Amino acid sequence: MVNGVVCKTIIRGFESHPQLKNMKKDKKCKRCGAPLNGEMIFHPTICLNCVIDLHSSSNPDDHKELKKYEKK
């Protein structure tokens with residue numbers, strides 16, 4: 001589980017950065033309203049949980065909704 005430990009350490013390092021700490025307070029997921037802890041490269045306006053929910057769904061409408069949130 002080395003990868004999990006390394007990822008948590010990196011995330012904690014970014015969370016302590018003063019510019020990122022102020023930036024994440026203002027941003028919220030456009031789908032569920034949860035605060036964004038970072039910015040995803042391909043879906044910067046929604047949280048990771050929403051991306052996973054939409055991507056793993058078998059409903060084709062959810063895949064279309066995910067495309068709507070893609071970075072252009």
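Student: What should I know before I start?

Tutor: The model is predicted, so local features need pLDDT of at least 70 and side-chain atom pairs count only at pLDDT 80 or more, while totals for chains, interfaces and linings use all residues. Residues are numbered from 1 along each chain as its sequence is written, and side-chain values use heavy atoms, with hydrogens and water left out.

Student: How many salt bridges does the structure hold?

Tutor: A salt bridge is a side-chain nitrogen of Lys or Arg within 4 Å of a carboxyl oxygen of Asp or Glu. The structure holds 2 of them. In one, Arg 31 pairs with Glu 65, with the closest N and O atoms 3.2 Å apart. Arg 31 is in the loop between helix 2 (18-26) and helix 3 (48-56) and Glu 65 is in helix 4 (residues 60-68), so the pair ties together parts 34 residues apart in sequence. Helices are DSSP runs (H or I, at least four residues), numbered from the N terminus.

Student: Which residues meet at 3.8 Å, N to O?

Tutor: Those are Glu 70 and Lys 67, through their side chains.

Student: Is Lys 67 buried or exposed?

Tutor: Buried means under 20% relative accessible area, exposed over 50%, and partly exposed in between (1.4 Å probe, protein chains only). Lys 67 is exposed at 54%, whereas Glu 70 is partly exposed at 33%.

Student: Where is Ser 57 found?

Tutor: Ser 57 sits in the loop between helix 3 and helix 4, and at 18% relative accessibility Ser 57 counts as buried. Contact means heavy atoms within 4.5 Å. Leaving aside neighbours within four places in sequence, Ser 57 is in contact with Asp 62 and His 63.

Notes: Helices (H or I, at least four residues) and strands (E, at least two) are DSSP runs, numbered from the N terminus.
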